[in-house]
Amino acid sequence: MQINLTGRHVDITDSLKDYVDSKFSKLERHFDHINNIHVILNVEKLLQIAEAKIHLNGGEIFAVHEHNDMYAAIDGLMDKLDRQVIKHKEKLIRH
């Protein structure tokens, strides 16, 4: 699984990169056919925005989460992606 991390109006520090890597590695527990992930961290005035697009076998998943704190935005994004990945996996199993 390859993770591409982009920062818009924000510097990607080592701690931020490690945090994203550790969070996204947990997604592989649910679904191991993840090809690559593109994560964009964006700052607009006081709003921290985390968005991600995941390329899977059989589709694509996209989610966005906004918060005042970047780490909380990443956590919220992971919750959304986690639900979507599990839903995608269940859909594949049913067919």
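Q: What makes S1, H1 and S2 a β-α-β unit, and is the unit left-handed or right-handed?
A: S1, H1 and S2 make a left-handed β-α-β unit. A crossover is right-handed if, with the strands pointing away from the viewer, the path from the first strand over the helix to the second runs clockwise. Helices (H or I, at least four residues) and strands (E, at least two) are DSSP runs, numbered from the N terminus. This is a predicted model: local features need pLDDT of at least 70, side-chain atom pairs count only at pLDDT 80 or more, and totals for chains, interfaces and linings use all residues. Residues are numbered from 1 along each chain as its sequence is written, and side-chain values use heavy atoms, with hydrogens and water left out.

Q: How do you know that S1 and S2 pair?
A: Two strands pair if DSSP finds at least two bridges between them. Seven bridges join S1 (residues 2-8) to S2, so they pair, and they run parallel.

Q: How do S2 and S3 pair?
A: They pair in the antiparallel sense, over 10 bridges. Asn-36 stands opposite His-55 in S3. The two strands form a hairpin with two residues between them. Lys-45 in the turn has a positive phi of about 55 degrees.

Q: Why is the link between Asp-21 and Lys-17 called a salt bridge?
A: The term needs a side-chain nitrogen of Lys or Arg within 4 Å of a carboxyl oxygen of Asp or Glu. Here the N to O value is 3.4 Å, so the pair qualifies. Asp-21 and Lys-17 are four residues apart in helix H1, which means about one helical turn separates them.

Q: What makes Asp-21 partly exposed?
A: Buried means under 20% relative accessible area, exposed over 50%, partly exposed in between (1.4 Å probe, protein chains only). Asp-21 has 27%, so it is partly exposed.

Q: Which residues form the other salt bridge, and where do they lie?
A: The side chains of Asp-75 and Lys-23 meet at 3.2 Å, N to O. This pair links distant parts of the chain: Asp-75 is in helix H2, Lys-23 in helix H1, 52 residues apart.

Q: How do you know that the length of H2 agrees with its residue count?
A: The expected span is 1.5 Å times one less than the number of residues. For the 25 residues of H2 that gives 36 Å. The end C-alpha atoms are 36 Å apart, so the two agree.
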